[in-house]
Amino acid sequence: MATRLEDPRVVEFDVRTDEMLVNMGPQHPSTHGVLRLVLRTDGEVVSEVQPHIGYLHRCAEKIGENLTPRQWIPYTDRMDYLAGMNMNLGWSLTVEKLLRYELPEKARHLRVIICELGRIASHLVGMGAYGLDLGTFSPFLYAFREREKILDLFEEACGARLTYSYICPGGATADLPKGWLQKCEKFLDEFAPVIDEYHALLTTNAIFIKRTAGIGILPAEMAIDYGCSGPVLRGSGVDFDLRRDGEPRYTSMYDGYAFEVVVQKDGHYPRDHKYPPVPKEAVLGDCWHRFYVRMLEVVQSMDLVRQGIEFYSRSKGDWGTPIKLNQKLPKGEAYLETEAPRGQMGFYIVSDGSSIPWRVRARSSSFCNLSVVSELCRGCLIADVPAIVGSLDIVMGEIDR
Amino acid sequence: MSGPILLDRLKAQFGDKITGANLEAIDPWIEVAPEGLVEVCQYLKTQDDLQFNFLNCITAVDYFEPDPKKAAKVEWKPHIELVYHLSSTVKKHTLVLKVILPRWKDDVPGQLPEVPSVTSVWKTANWHEREVYDLSGVRFIGHPDLRRILCPEDWVGHPLRKDYEMPLEYHGIRGR
Amino acid sequence: MLPGVQVGQPVAHRLAYLWRAPAWGRPLLVERSSWDRCRRGLSIEGNDVVEFFEATLNWPSWLAWTAVALIQCFLLINLVAGGALFFIWLERKVAGRIQDRLGPTRVGGKFGWLQTLADGIKLLAKEDIVPKEADPFLFRMAPYVSFTASFCGWLALPFADNWVGQRLNVAVFFIVAIVGLEVFGVILAGYASGSKWSLFGAMREAAQVVSYEVPLGLCIVVPVMIAGSMDLVTIGNKQAGYFTNWFIFHDPAAFVVFWVYFTCAVASVNRAPFDLAEAESELVAGFHTEYSGLRWSFFFMAEYGSMLLVSALAAILFFGGWHGPFPIISQGLVPALAAMTGASVDSPVLVYLANLAGCANLIFKAVIGVTVMMWVRWTLPRLRIDQVLTTCLKYCVPLAALCFLAEVWFQLYPHTNPMPLNRLQWGAPRASIEVREGWLPLSPVSPDDVQEAQLTHSQEHRG
């Protein structure tokens, strides 16, 4: 039978557009390293996103089964390589938990200063790279300009600019050098006014708001269900921060520090009055809020560093003694999560009584944050995919380990 | 809620599906039988005073000593331990669940041990279970998309098993 | 002026005149005002040089025309290519300064002024790759199509009074049409690359350029209406005198429409925040993902050529073209020099000097326009495709249409114009403003001028 024109299938065939499978990554400018996203697109509309990871898998956990805990510290540096200090901290605290080691007062404040500076540096990259994802280049360099100053401070403290291996079980490899605190304070004084520039260039920019507000909305329940953490979780309005709600071994680090968890409560951020207002278009849990939480956390971390400097200069004693390279580990197991810049970074160590752990596990924050991407990108436009992935602020080194 | 009370409550609720516990460890843990895992997790998540709505991590620990001399000294039988770290964003408490599995299903090498998937309880289990399957070789029954995640799809073996040997060659690339 | 149209006609007559069919054909006629004629002494307009070759050197007609075409193409292609070299260097310097760094500093001694040349040599040395999936012929052709389109616009663009490759009485129309053709190269590149990213870029470009042509055309009609001519030389000369005579200050509609024009121009040459066709964070590099070496640099040259072209067009349409903020030609430089040397105001050397100054003036204005585009690029994030089209269809088109209507109103009722600057015609030579090509006399004209204009036209007709 000949097909007649009235046949609905004819019309459908004529009007239908072909779906296209597009490979975004692993070599793509805005997939933050070697993430590969397979997009199923209908024109500009993305109907499905399938992330593929593992291009940066370096068997860190397997390596950890063959090294002593102190030897493994450089491998933690290379997980979230934008916040190496915070990775060092997570692993050190986990090993200390297994050893039931009590940290001297001075080391505690040293760690707060260093880790909060690490958080600022990491968020600066996250912010700058997000601008890059949205097609503006300048904020990236403004962010890196300030980050360089933090790296200079780190370099002075430990000799490295990216992979620090500074914080280690038992304390840190060295004390802060003389005059470091003054330099750090000077940096904070210079940095405070710069944040307004970032707000002017990005947070309050009309195009930026158009590109991020209402895009990639992550409801609070879904965020928890997918194990999202850090700014991604708080951007969805969940009031949860391990620095306040974590295990005592971690929260005791922040004893005496005054800080408020950055999250929107009753429609207000804690520092709402001082910083740009939330635009009308923004919906809780969208890309804009995730970005904004990061920006406010930078301010909060500055505050914590100032407090840390105060405490550190008042405290007596030493900065702790690093454990021996071949320290015997007690039999048992310990799991600890810390609030790294990108979310909750957990380390798990199982020991059989020798100096080499039986099993090492790293729970990566970006790993869980990324797993939600296929939910967020359903039905968005191609241009929104980098916007959403960028707002999750992933680091592939941490995802693939 | 303290450990012993919770343990008693779970035992009262699930009976012999709670197969053991260690409340003196650094992180106290409760051992669950594989067949009761999903109900226990569902219970832990939905109870108003527990609300373990956040699955932090799933880890598989392979207890196996390839060296026969050392193997004679160890006090455990070869097995795989699945460790579930749970926490609650509401109640701000944590819990560790353990599931003990044989290294191979029916002790036939190559047959992966099986355990029910908890993706129906927490969505984050999806990727974590894929990772455990990929690296440690545990098959999760009921998982919607059980594929390798970190290793390439055609990779042979499960690297975090203690008896794993790196292949000599992978697509013309020297392995060791 | 058409014969029969009298000065001081009632409005109804003027309106009726608008609807008379022959009026629309009028701009196609060649206009020669007395002001123009007095400038012909040293014009490099094509026809005049041809005349020189034919009459003075006794060359055959075909040779004269070919020689002129080659000379002009050589000059213009050097301008476009040299301009691209300069603007790429400028862009890197501007971007560097905006981003708190130095930009190129070494190549060529100081300021890295030879950086682009070094890059160009590098690009020449690169392998010319044609992907396996590509359509080789179209793939190779696309950059040339793009560059040719961008280059052709320059043929009709005057640099000073009668300094123009080919003086067209529909130059505005020609340039807008030609600039729109650049999209063909881009679509061809995207289609022929055999890459999905390139295809996305090409489709975006097509959608974007097609929609932005509409407001762009509407915007350009406004200065055309003020001048009463589509001849860019005429439009430029109508703005002679002080900067108050610039069309941007003519009335509120013209003022608003310039900004719309600038937005649309940025969009139509694919610059940030409208650079969706090559959005590097989304589409890798968009339509030129698969290009390398010299072919890629042709796209680049086309982009910078177009940028300068639309900026120069804006300068002519809204900012007086070669007529500076202060009168140079009519009252400033030329009469001063004439008085000093005792030469006639129409002496070719003086006119040449005046035109040289005017040319520099125009290029300076165009460079400012390009610099603003760079400034915008390095400041703003990129829009999304739907937002780009929304900006065009929901904001630019209605705004341009509104301005168009307002301009019609101001043409009919000049006394309602709240910006009187332009009506004062400070420092403008009489002839350039009073002789009008088209339909509606803006200001009362003296009977002498009308007569002269009619005479000019009838002569042209007979010739």
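A salt bridge here is a side-chain nitrogen of Lys or Arg within 4 Å of a carboxyl oxygen of Asp or Glu. The model is a predicted one, so local features need pLDDT of at least 70 and side-chain atom pairs count only at pLDDT 80 or more, while totals for chains, interfaces and linings use all residues. Residues are numbered from 1 along each chain as its sequence is written, chains are lettered from A and ligands numbered from 1 in the order in which they are written, and side-chain values use heavy atoms, with hydrogens and water left out.

Start with where chains A and B meet. Counting contact as heavy atoms within 4.5 Å, chain A brings 43 residues and chain B brings 45 residues. The size of an interface is often given as the accessible area lost when the parts come together. Buried area is taken as the accessible area (1.4 Å probe) that two parts lose on being put together, summed over both. For chains A and B that comes to about 3600 Å², with carbon and sulfur atoms giving 56% of it.

Side chains of opposite charge can pair when their charged atoms come close.

Now for chain C, which puts 24 residues in contact with 33 residues of chain A. The area buried between chains C and A is about 2600 Å², and carbon and sulfur atoms give 61% of that. F200(C), P381(C) and R384(C) supply 24% of the area that chain C buries against chain A, more than any other three residues. Three salt bridges span this interface; in one of them, D100(C) meets R145(A) at 2.4 Å, N to O.

Inside chain A, three strands form an open antiparallel sheet in the order β6-β7-β8. Strands count as paired if DSSP finds at least two bridges between them. The edges are β6 (332-340) and β8 (359-363), each pairing on one side only. From one strand to the next, the twist averages 10°. Nine bridges link β6(A) to β7 (residues 343-351) of chain A, and E339(A) has Q344(A) as its bridge partner. Helix α4 (residues 84-99) of chain A packs on the sheet, touching β6, β7 and β8, and its direction makes about 150° with that of β6(A). For such angles, axes are lines fitted to C-alpha atoms, for helices over the stretch in contact, and angles run from 0 to 180 degrees between N-to-C directions.

Definitions and conventions:
Helix = DSSP H or I, 4+ residues; strand = E, 2+ residues; numbered from the N terminus.
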